Amino acid sequence: MLPRQVASQVPTFLRRSRSSLTKNKIPIRTNLKGAALLNCAQLNKGSAFTREEREMFEVEGHIPYDVHPLEKQLVRAYAQLKKQPTNILKHAFLASLRDQNQVLFYALLQSRLKELLPILYTPTVGTAVQQYSELFRRPIGCFLSLPTMHTIRQQLESHAQAAFRYKTAPGAKGGAPNRAFDLIVVTDSEGILGIGDQGVGGISISTSKLALYTLGAGIDPNRILPVVLDCGTDNHSLFANPLYMGWKKPRVRGVVLHEFIMSVKELFPGALIHFEDFGNANAARLLDTYQDVVPCFNDDIQGTGAVALAAIMSATGVTKTKLSEQRIVVYGAGSAGMGIANQIRDAIVQTECLSVEEANARFWCIDRDGLLLKSNPKLAGSQHSYARPDEEVVDWEREVEEQSALRLIDVVRQVKPTILIGTSTHARAFTEEVFPMSNPTALVEADPADINEWTDGRALITTGSPFPPAKNPITGREYVIAESNNALIYPAIGLGTVTARATRLTNGMLLAAVQALAALAPALEDPELPLLPDLANVREVSVSVAAAVMRQAMAEGVAQVAFGPDADLEEILKAQMWDSVYRPLELDE
């Protein structure tokens with residue numbers, strides 16, 4: 001029971017007595033019948049319609065006689081998926097399933113998440129993006145193009161009006177906030193997964209991220225809007241493709257985005273905006289510009305940094321050391337590497353009371369021109385913060401005496417890092433203790449099995465892509481390699497932010513998420529276990545992480561809901577999470 005003085009601050013949709021045990025028993029009301037109901041992916045049950053539902057909603061004769069529950073449908077759907085000969089065809093099969101039966105789509109992915117995630121998302125989605133115009137069947141999401149930017153608001157309003165909404169019986173314990181969308185996933189497609197500018201095809205990234213928010217944290221998929229900003233493209237091979245469906249003009253930057261964000265702020269107040277795969281030149285700038293204007297999040301910068309920081313915090317917990325005691329070398333000073341460095345630096349400042357300058361001094365960052373130095377005229381964005389004074393390295397030895405730049409081997413020999421982070425995509429670049437974060441596996445800086453061998457099993461390892469266990473050369477025990485998958489944290493950050501109805505996503509909320517994830521590390525109980533939880537348990541992980549985000553949002557005064565100190569936030573979150581189950585239907589006459 002919420003204290004009276006606090007409950008008044010909680011919106012109606014959170015004060016109702018719906019619980020995690022009863023939410024899926026609440027009937028959904030609809031006036032759709034027959035073929036119209038079967039064609040509504042959000043309500044279609046296919047062969048799982050009960051005998052009573054078939055009669056009431058006039059679907060007898062539209063489907064075969066036998067009733068097959070969801071469990072039997074999953075067997076059939078998985079068998080059909082396995083018959084697809086390539087990963088891109090498997091991806092297309094999943095997209096088709098999503099368009100036909102929303103519950104079955106998510107139930108199939110949820111039942112085999114670790115197996116099917118590479119099909120839904122990386123690496124297969126990269127091919128889906130590149131072949132978007134060839135594979136196109138039906139539009140999913142919002143396409144905002146530069147030539148029609150004067151009607152952005154109307155286009156967003158049209159999506160809001162068309163969005164599916166569950167209708168429950170009068171007095172039923174359910175419901176949702178008044179805004180049409182809780183979360184917007186938007187890309188301008190300029191920096192897609194290391195394959196660069198992909199124009200309108202980037203919508204596939206937004207739709208895949210949408211699915212991960214639902215799979216990972218139970219955010220209602222019907223309350224997330226995937227968006228692509230089609231501002232042209234500098235990928236001229238797309239111009240040459242007669243089937244290309246986007247605006248065939250050179251890319252124009254910065255014009256559409258501001259109008260888009262202001263429209264979202266007005267139409268869907270408090271909705272979280274997720275920036276995805278914007279170009280390196282814009283990603284950090286956009287976050288800096290808008291993070292105090294709307295709740296927003298950049299997964300490439302903040303998500304990658306957050307999950308890496310959680311793994312590092314787990315490692316310092318295992319080794320009983322402090323973050324401020326580490327010597328951190330980042331190999332790959334692009335947006336991902338700088339995002340990780342920023343997250344670690346901010347955590348040092350917030351948790352150990354060092355100044356920003358003192359925390360920056362714990363880092364040595366390397367890009368294609370070598371160690372970042374103050375004299376480098378090519379420094380951009382966060383690189384300025386981590387550039388080392390030139391006088392510091394005057395006497396450093398170089399592997400190749402003739403070269404002026406300090407390469408990875410030179411820095412490692414001089415600094416003797418306790419943490420080595422790889423975000424360079426320079427395959428097999430590392431030969432010492434490492435945190436390789438590059439994706440995919442072919443571009444990782446070191447194989448975990450080699451690291452384990454080189455260090456006699458003493459290294460604590462996490463990677464950006466899945467790897468098989470590595471055998472400890474001393475004990476013979478298999479060491480499970482933790483995967484620093486962003487899906488372990490960003491869905492939960494989104495869930496906590498939208499449930500708290502936060503006006504901003506603060507650094508404190510991000511750190512709370514990181515600390516909550518790090519606290520769940522199996523390695524804290526046994527150093528031979530992974531530094532991060534298993535992705536298969538992401539739903540349970542997300543509840544704990546999202547609750548921490550909510551508590552921090554309320555503590556900082558940015559939450560528009562408030563609960564008493566004894567409130568069971570985990571149960572409140574579970575009660576709001578969307579589950580891939582068939583709920584009963586009632587006829588709305």
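The following legends describe close-up views of one predicted model.

Residue numbers start from 1 along each chain as its sequence is written, and side-chain values use heavy atoms, with hydrogens and water left out. Because the model is predicted, local features need pLDDT of at least 70 and side-chain atom pairs count only at pLDDT 80 or more, whereas totals for chains, interfaces and linings use all residues.

View 1. Helices (H or I, at least four residues) and strands (E, at least two) are DSSP runs, numbered from the N terminus. Two packed helices are described by the angle between their axes and the distance between the axes. Axes are lines fitted to C-alpha atoms, for helices over the stretch in contact, and angles run from 0 to 180 degrees between N-to-C directions. The axes of α24 (residues 538-556) and α25 (residues 569-576) come within 9 Å and cross at roughly 115°. That angle makes α24 roughly perpendicular to α25; angles under 35 degrees count as roughly parallel, over 145 as roughly antiparallel, 65 to 115 as roughly perpendicular and the rest as oblique. The crossing of α24 and α25 is right-handed; a crossing is right-handed if the near helix is turned clockwise from the far one by less than a right angle, and left-handed if anticlockwise. On the α24 side, V543, A546, A547, M550, R551 and M554 meet L569, E570, L573 and K574 of α25, where contact means heavy atoms within 4.5 Å. By class, this contact of α24 with α25 has 7 nonpolar, no polar and 3 charged residues. Ala, Val, Leu, Ile, Met, Phe, Trp, Tyr, Cys and Pro count as nonpolar, Asp, Glu, Lys and Arg as charged, and the others, Gly among them, as polar.

View 2. The axes of α5 (residues 70-82) and α6 (residues 87-100) come within 9 Å and cross at roughly 145°. In this contact, A77, Q80, L81 and K82 of α5 meet K90, F93 and L94 of α6, and the residues divide into 4 nonpolar, 1 polar and 2 charged. With α7 (residues 102-111), α5 packs at an angle of about 70°, the axes being 10 Å apart. That makes α5 roughly perpendicular to α7. Here L70, Q73, L74, A77 and Y78 of α5 meet V103, L104, A107 and L108 of α7. The residues of the contact of α5 with α7 divide into 8 nonpolar, 1 polar and no charged.

View 3. The structure holds 8 aromatic pairs; rings of Phe, Tyr and Trp (its six-membered ring) pair if their centres lie within 6.5 Å, and planes under 30 degrees apart count as stacked, over 60 as edge-to-face and the rest as tilted. The rings of F181 and F268 have centres 5.3 Å apart and planes at 85°, so the pair is edge-to-face. This pair links distant parts of the chain, 87 residues apart: F181 is in the loop between α11 (152-162) and β3 (183-187), and F268 in the loop between α14 (255-267) and β5 (272-275). Both F181 and F268 are buried; buried means under 20% relative accessible area, exposed over 50%, and partly exposed in between (1.4 Å probe, protein chains only). For F275 and F278, the ring centres are 5.5 Å apart and the planes lie at 85°, so this pair is edge-to-face. F275 counts as buried at 0% relative accessibility, and F278 is buried with a relative accessible area of 6%. F105, Y106 and W578 form one aromatic cluster.

**View 4. Surroundings of D197.** D197 is placed in the loop between β3 and α12 (203-217). With a relative accessible area of 10%, D197 is buried. Leaving aside its neighbours within four places in sequence, D197 is in contact with S189, E190, T233, D234, N235, L238 and R251. D197 and D277 are 80 residues apart in sequence and 9.4 Å apart in space, C-alpha to C-alpha.

View 5. Most residues other than glycine have a negative phi, and most peptide bonds are trans. The peptide bond from T122 to P123 is cis, with omega near 5°; P123 is found in the loop between α8 (113-120) and α9 (124-130). E58, in the loop between α4 (51-56) and α5, has a positive phi of about 55° although it is not a glycine. E58 is partly exposed, with a relative accessible area of 46%. C353 lies in the loop between α17 (335-352) and α18 (356-360), and its phi is near 60°, a positive value in a residue other than glycine. At 69% relative accessibility, C353 counts as exposed.
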